[in-house]
Amino acid sequence: MNVDGAQGASPLALKGHGEHKREDLRNLLKKQNDTVSEARGPEARSDKTLLQRRKERLFLPLNLRLETGLSKRPIERLVDELDRRLFGELYSPVGSPIVSSDNAFKMYCVPCSDGQRVMIHSLCPDKGKYFEEFSGSFWEMVHQQSTHVCALANPSYRPIYMPPQQNAEALKSHPLNVGDSRHFANGMGVDVVQINLLSDLKNTVLKYQRSAQGDSPVAREVKVELTRFSDRAGAVCGADELPGTCKEIKIDQFFSCWSDTEPVAPEIACKIVSRLTSPNLQLHCEGGVNRSPAAAAMILLSKKQESLGVHNLLDEVASTIKYIRRCCHNSQAIDRSARISILNFVLHIKSLSSEHVHC
């Protein structure tokens, strides 16, 4: 015998551990098949159907999972089914966008069955438009429509349209303070009058989203007074305006809550959607094509929550996304990450499992 003790060992002992298991399994299957064949008589011994069935039962499910994608997570398979319902849909825009007087700012309106208007827009100015011009147009539209603003923005302390005066990109990370103000060339003025941190939502974000920073505001409600310069100067105003009056506008700023590249946790989405109840709601993210349209879809689906179930959930989500795309005049709005967010949200509010939804 040599040092390894391999000399004189049986061929079976030289096989690896995995080969042992495969050999034992083959022997076991053969033995079971022979036992059944002997019980049936000589004619049955030549029948290999039982052995084949046992092999298929043991090995084919694994092969099918590898070959057909059944190894995917249930939510991934569900969004695949959703994508099939959306594929090849004919695209016909509905409605017209709301455009500012200088054409620098554009909003797309999603009417809801209960009368709520959800308006979606981009935070990025069109090519050739400066941030200052864009920001003035933003406040003009907020004042005109009397909207509650919801910002689904990337991590930042100060969106480009917020005070102070001449807010530049370099100021975006500076803290916002009560008393900050800003005036625009189009006659709009904005003053920050109150800032409330949304601690409950922040705690939820920190619980479910690892990338969130504890020292970031994460979520806050900002109240501003929005006034036209002409009002302050006592100039002649329209019939629906009085000199010296201003509008108080509420802005929900959700920073670090919802990434543009990853699905949002349904617990976070529920907290956000629960605040979006204003009759006139203005939603924006960075580009206005994924997070804000997805949030609009969640609002619509939450309104029909009682009628949703495992039998119609996919069809209802698909029809809602189609409707949002038509309202936004963008057939590519709401990417896969946002679609997963919508599905997770609906499953959560209905306390359903993705494994039980009918495909």
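Leaving aside neighbours within four places in sequence, lysine 271 touches Asp200, Leu201 and Thr204. This is a predicted model, so let us see where that residue sits. Lysine 271 belongs to helix H8, which covers residues 266–273. Its relative accessible area is 28%, which means that lysine 271 counts as partly exposed, since that class lies between 20% and 50%. Lysine 202 is 69 residues away in sequence, yet the C-alpha atoms of lysine 271 and lysine 202 are 9.9 Å apart in space.

Now to the rings. The whole structure holds five aromatic pairs. One of them joins tryptophan 139 and tyrosine 161 in an edge-to-face arrangement, with 5.6 Å between the centres and 85° between the planes. This pair links distant parts of the chain, 22 residues apart: tryptophan 139 lies in helix H5, and tyrosine 161 in the loop between strands S4 and S5. Both tryptophan 139 and tyrosine 161 are buried. Ring pairs also tie Phe105, Phe134 and Phe138 into a cluster with Trp139 and Tyr161.

Finally, the sheet. Nine strands form an open sheet with mixed pairing, in the order S1-S2-S3-S9-S4-S8-S7-S6-S5. Its edges are S1 and S5, each of which pairs on one side only. Helix H10 packs on the sheet and touches strands S2 and S3, its direction making about 145° with that of S2. Strands S6 and S7 run antiparallel and are joined by nine bridges; methionine 188 stands opposite arginine 228 in S7.

Here are some of the elements with their residue ranges.

| Element | Residues |
|---|---|
| Helix H5 | residues 131–145 |
| Helix H8 | residues 266–273 |
| Helix H10 | residues 313–328 |

How values were computed. Residues are numbered from 1 along each chain as its sequence is written. This is a predicted model: local features need pLDDT of at least 70, side-chain atom pairs count only at pLDDT 80 or more; totals for chains, interfaces and linings use all residues. Side-chain values use heavy atoms; hydrogens and water are left out. Helices (H or I, at least four residues) and strands (E, at least two) are DSSP runs, numbered from the N terminus. Buried means under 20% relative accessible area, exposed over 50%, partly exposed in between (1.4 Å probe, protein chains only). Contact means heavy atoms within 4.5 Å. Rings of Phe, Tyr and Trp (its six-membered ring) pair if their centres lie within 6.5 Å; planes under 30 degrees apart count as stacked, over 60 as edge-to-face and the rest as tilted. Two strands pair if DSSP finds at least two bridges between them. Axes are lines fitted to C-alpha atoms, for helices over the stretch in contact, and angles run from 0 to 180 degrees between N-to-C directions.
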